[in-house]
Amino acid sequence: MKNNILIIGGGPAGLEASAQLQRMGYNVILIEKAPKLGGHLAKWDRLFPDSVPADEVLGGLLRSAEGVKCFTDTDVRAINRLDKSYNVRLTNGITVLSDAVLVASGFDLFDAVKKEEYGYGIYDQVMTNADLEAYFKTGSDKRIENPGRIGFAHCVGSRDEKSGCRSCSKVCCATAVKQAIEIKQAFPKAEVYCFYMDLRLFGRHYEDIYLKAQKEYGVRFIRGRLAEVSENYDGTLQVKAEDTVAGKPLKVTLDLLVLMSGMRPSASGKAIGDLLEMTVEEDGYFAVRSGIAAGQRSPIPGIFLAGAATGPKTLPETLADARAAAMEIDRYLTEIFPDAKNYKQLVRERW
Amino acid sequence: MTPLFHLLAVQAADPEVIDRIPSGYSHFVIPFTIGITFMLCWIGVGCIRLLAAIPQSDRLKFWKSLFLPKTIIKNLKDLFGDCLLHVKIWQRKPLLGYMHSAIAFGWFMLIVLGHIEVALFVPARLNVTRGGLFYPIFYRYFVWMNPGHTTLRGSFFFFLMDFFLLYVLSGIALAMFKRFRSIVLGMRHTTKPSLADRVALYSLWMIFPLRLLAESFTADLSGGSFLTVGVNHFWHLLFGDKLWFTPCWWAYSICLGLFFAAMPFSRYMHILTEVLWILLRNAGIQPHHPRKGVAEAEIYACSSCGLCLDACPMNVQKKNLKYSSVYFIRFLRRHNEKKINAIADKCLMCDKCHALCPVGVDAPALRRAQRATVNNSLPYDYSYLPSACAGQLSEQKVLYFAGCMTHLTPRIIKAVDRVFKAAGVEYAFADRDGGICCGRPLMLAGKTEAASKVIEANKKLIVESGCDTLVLSCPICYKIFKDEYHLEGIKVVHYTQFINDLIASGKLKVEKIDEKIVYHDPCELGRGCGVYYEPRAALGQAGTLVKASKEYDESVCCGGSLGSLTLDTRDRARISESSLEILLAEDPETIVTACPLCLKTFSEAVSNSRLPRKNVAVKDFAEVFCR
Amino acid sequence: MVDFGFGLVPSSRINLDLFDKDKYEELAAVEPDVRICMACGSCTAVCTAGKFSTTSLREAIEDIKNAQPAKAVEMLQACQLCGKCSMVCPRGINTRHLILSITKTYSTK
């Protein structure tokens with residue numbers, strides 16, 4: 001008999017895990033609350049560090065997940081834990097009896113409106129990283145009209161107690177460098193400034209794009225957090241920061257300011273977590289059984305986690321996490337789940 | 001039957017009252033006499049010391065004020081209203097008000113009526129050398145009513161005395177009840193009494209029951225009315241003719257003595273110091289030091305009633321109760337320097353304890369004065385200030401000053417601009433590129449001298465600009481511009497007032513939409529400057545104004561106040577959360593405030609807090625008028 | 001040992017050996033937030049006084065940790081305590097109290 005596995009979230013993590021579990025012979029049901037699969041990846045243009053088109057990566061993920069039972073526009077209405085399995089009622093009326101549940105609810109982008117002093121939604125010439133990706137994808141945005149000076153503000157809604165998020169979002173530094181290069185490619189004459197607190201470019205080839213941005217594109221990196229933005233009469237922006245390396249306050253006039261919105265725990269993921277009574281840590285992301293040894297197991301037997309539901313991750317990390325989750329699910333469903341007699345004891349020992 | 005006029009006769013043929021104890025003295029009066037003498041000496045010396053400590057000019061002002069008809073009327077009004085009847089407590093918490101006025105006014109009437117009785121029937125005894133200090137208090141012990149010669153006048157006094165005794169007893173009963181279940185009287189928290197407080201408190205509780213006991217035992221001899229005579233009959237029924245009244249009078253006197261002896265060290269000193277404080281306050285004398293001079297009268301006028309405990313926004317957390325004004329004042333009295341500073345620095349300066357204080361003790365001002373003793377002498381260097389030079393206004397006569405904070409909430413600046421443009425107001429933006437701080441934050445931190453320097457610099461710029469109206473959107477700025485800048489010939493208005501005027505004069509058209517709005521009173525604007533009406537009047541034109549569970553002068557600080565020097569972010573977040581709950585009482589769609597700090601604090605609180613409602617919008621006042 | 005005289009020229013190098021730990025702990029006891037600055041410079045960027053005069057809370061904190069408290073006290077004298085820095089600090093440092101505490105702890109006057 002094939003076990004049913006419910007995967008919540010049709011982003012990269014959910015897609016990758018479904019593909020793997022389907023290959024292993026399980027009966028996978030994937031649900032996604034949006035009308036289309038792909039999550040944030042579907043909205044992105046190119047990916048760091050190699051500028052691979054996002055569509056290409058997403059296409060690959062979708063192809064390998066072909067054949068998975070998939071419901072879009074669908075959310076979870078109710079979840080009951082039976083003896084070992086979960087009885088999940090979906091918003092489309094279908095009820096699934098699932099032996100394991102994988103929560104891959106991902107992240108929300110920080111709502112930049114909340115960082116009031118940057119004036120997103122108030123000043124015309126302020127946009128977010130997501131808006132810029134949309135521009136790269138569609139080629140149109142009324143804010144971008146041959147900008148002469150462009151600023152990137154790192155850490156918007158990350159590493160900021162005032163926004164209620166202490167943690168680093170991990171991907172924004174590399175994204176900013178990538179986008180800085182791309183906007184220079186689009187507008188070679190533009191001056192580009194990146195305002196950062198620390199450049200956290202930890203991954204393979206990340207340093208290379210940093211170097212490229214400096215050497216080939218002349219992007220100016222300023223070590224100081226952007227702190228105040230005001231609007232001039234002509235609609236241009238005056239931004240203030242401290243160049244902490246020079247030890248001097250600094251101001252510069254910009255035609256465009258791009259805010260690197262960070263990752264926040266997904267709101268719809270939180271709702272599902274509430275239904276399952278899953279533990280959430282102080283940072284808002286789901287708690288795992290053990291951060292090092294069991295990063296894909298939730299504290300509740302039979303509930304697994306993958307991707308940004310357990311904290312900010314890069315795309316390769318998310319995909320690796322999803323594969324690991326698939327392995328963990330397989331181990332659970334072959335070693336622990338079938339042993340009806342000793343189930344409880346096995347859970348105690350091995351979960 | 002005796003004709004009625006005979007009863008009313010002022011001079012009865014036979015004396016109505018006969019000395020039961022011709023010497024007019026008994027040993028039991030000793031405890032009381034010692035207690036009250038001690039207390040009177042203490043307060044006498046205190047008064048002299050205090051008046052000597054205040055500056056000559058203030059002293060002169062004080063004596064003069066006692067003879068000015070205007071202050072005399074105000075003094076009488078305040079003394080009756082605040083000291084005896086406790087009108088301010090009645091208004092907010094009727095049961096608590098009844099309790100306080102029962103004890104204060106009731107006791108006052110007992111003392112006054114007792115003296116009138118003595119004056120009427122045995123006037124010689126009022127003389128201090130013949131026991132005037134204690135005789136009127138223990139009058140009933142010393143006299144014997146001549147049976148058959150009581151007049152209506154006498155019975156009237158008997159009745160009044162019993163009536164007020166019953167009145168006081170009802171207050172005492174409530175007070176005892178309050179110790180155990182304060183919430184019934186509308187108080188969530190009550191003050192922790194000190195040792196002297198306890199001594200005074202328990203003796204106060206005992207005084208009136210013992211008085212009833214003592215007077216009821218003697219009621220068949222010295223007269224009485226419905227209460228004392230009634231109880232007297234009961235004793236006769238119980239004990240027959242064997243009545244031990246001397247022990248009761250002893251106990252009564254001991255309790256009184258204990259009470260008065262403990263009084264200077266307890267909260268009950270306020271009974272007398274309050275009078276002095278009201279006189280000084282109404283004379284318009286300001287404290288210059290947190291403990292010396294006028295402040296001394298002020299801190300001793302605190303009755304430790306604890307109404308400031310529930311008022312204080314910090315007290316959403318029990319651990320912060322110790323920073324309340326009542327304890328600040330207690331430690332000021334005890335000269336506990338370390339604790340005084342810690343408490344002074346913690347306060348948010350929202351002024352709510354001052355607004356709700358039944359005796360009008362301005363604790364925030366004392367805290368500021370305390371901060372000044374430490375911070376005013378810290379070095380500062382504003383030599384760069386004169387280098388800033390003024391711009392001249394040509395056409396515009398309206399100057400808008402956004403202030404430091406507002407530059408971090410650009411939506412206020414943007415909305416003000418839109419509203420002004422829509423109403424055709426030509427204005428100049430004084431600090432578009434940033435300005436000089438208004439000085440209020442320095443003032444709040446106790447750096448008064450430094451504050452005067454920035455005030456001076458700002459004032460120069462504004463006066464030289466040639467504007468005739470100065471509009472401020474930040475209540476912190478508004479407060480100090482209004483109170484300390486003395487800008488002659490320039491109208492200083494808050495933008496809530498300015499926009500309300502624009503609407504009233506028809507210059508600004510407002511469309512009313514179906515939106516439930518709750519208005520948050522910023523501390524500095526509401527309690528600080530008394531601006532409650534204008535923002536509400538204007539908002540009422542734009543949407544449906546709903547109530548917060550606490551508003552106007554009871555509005556609760558958002559938690560973001562600049563006033564506190566030491567309150568940490570977590571504690572502030574707790575305050576914001578409770579303040580939000582108060583605003584959301586009637587389920588509004590929008591919270592409107594008129595202060596950059598409140599705006600930022602609430603915006604952050606709505607998205608960060610764990611409250612279930614996250615869809616409520618937080619808007620600045622001006623934003624409502626440029627939809 | 002022969003002294004070549006180079007040692008007589010005062011060094012401009014930060015000398016952490018001169019760091020007064022006791023004094024620093026005294027400050028940290030009054031305002032523990034001094035420990036948590038991550039030197040982002042937001043405070044300096046928004047500083048009202050910084051428009052007219054060289055002043056930086058970030059640098060002052062740095063100076064104290066680098067055994068140069070006199071520089072810190074000197075620099076903070078321009079502060080108007082307006083509180084803008086406390087609104088932007090990503091670590092939620094109680095900047096106004098920190099400034100007062102630094103001055104109180106290290107001021108020689």
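Me: In what order do the 4 strands of the open sheet in chain B run?
Reply: This is a predicted model, in which local features need pLDDT of at least 70, side-chain atom pairs count only at pLDDT 80 or more, and totals for chains, interfaces and linings use all residues. Residues are numbered from 1 along each chain as its sequence is written, while chains are lettered from A and ligands numbered from 1 in the order in which they are written. Strands (E, at least two residues) and helices (H or I, at least four) are DSSP runs numbered from the N terminus, and two strands pair if DSSP finds at least two bridges between them. In chain B the pairing is parallel, and the order is E4-E3-E5-E6.

Me: Which strands stand at the edges of that sheet?
Reply: An edge strand here has a single partner strand, so one side of it is left without a neighbour in the sheet. Neighbouring strands are turned against each other by 25° on average, direction ignored, with axes fitted as lines to C-alpha atoms (for helices over the stretch in contact) and angles running from 0 to 180 degrees between N-to-C directions. The edges belong to strand E4 (427-429) and strand E6 (491-494) of chain B.

Me: Which residue of E6(B) stands opposite Val471(B)?
Reply: Strand E5 of chain B covers residues 469-472 and pairs with E6(B) in the parallel sense over 4 bridges. In E6(B), the residue opposite Val471(B) is Val493(B).

Me: How many residues does domain 4 of chain B give to its contact with domain 3 of chain B?
Reply: Domain bounds come from an automatic or database domain assignment, which gives domain 1 (25-270), domain 2 (306-371), domain 3 (385-501) and domain 4 (511-625) in chain B. The centres of domain 3 and domain 4 of chain B, taken over C-alpha atoms, are separated by 23 Å. Two residues are in contact if their C-beta atoms, placed from the backbone, lie within 7 Å. Domain 3 of chain B gives 24 residues, and domain 4 of chain B gives 24 residues.

Me: By class, what makes up the side of domain 3 of chain B that touches domain 4 of chain B?
Reply: The elements that give two or more residues to this side are helix H19 (410-422), helix H20 (440-444), helix H22 (475-484) and helix H23 (495-504) of chain B. Ala, Val, Leu, Ile, Met, Phe, Trp, Tyr, Cys and Pro count as nonpolar, Asp, Glu, Lys and Arg as charged, and the others, Gly among them, as polar. On that basis the side of domain 3 of chain B has 15 nonpolar, 6 polar and 3 charged residues.

Me: How many residues of helix H13 of chain B are buried?
Reply: A residue is buried if 20 or more other C-beta atoms lie within 10 Å of its own, exposed if 12 or fewer, and partly exposed in between, with C-beta atoms placed from the backbone. The cover over the buried residues of H13(B) includes helix H2 (29-53), helix H12 (270-282), helix H15 (325-334) and helix H18 (363-375) of chain B. Among the buried residues are Glu296(B), Glu298(B) and Tyr300(B). For helix H13 (294-301) of chain B, the count is 8 of 8.

Me: Is Asp351(B) buried or exposed?
Reply: Asp351(B) is in the loop between helix H16 (337-346) and helix H17 (352-356) of chain B. Its phi is positive, about 75°, although Asp351(B) is not a glycine. Because Asp351(B) has 22 C-beta neighbours inside 10 Å, it counts as buried.

Me: And how does His205(A) count, with its 13 C-beta neighbours inside 10 Å?
Reply: His205(A) lies in the loop between strand E13 (191-196) and helix H5 (206-215) of chain A. Phi of this non-glycine residue is near 70°, a positive value. With 13 C-beta neighbours inside 10 Å, His205(A) is partly exposed.

Me: What share of the 109 residues in chain C is buried?
Reply: Chain C has 6 helices and 0 strands, and its C-alpha atoms fill a box of roughly 55 × 30 × 30 Å along the principal axes. The buried share of its 109 residues is 50%.

Me: How many residues does chain C give to its contact with chain B?
Reply: The side of chain B that touches chain C has 16 nonpolar, 5 polar and 4 charged residues. Chain B gives 25 residues to this contact, and chain C gives 23 residues.
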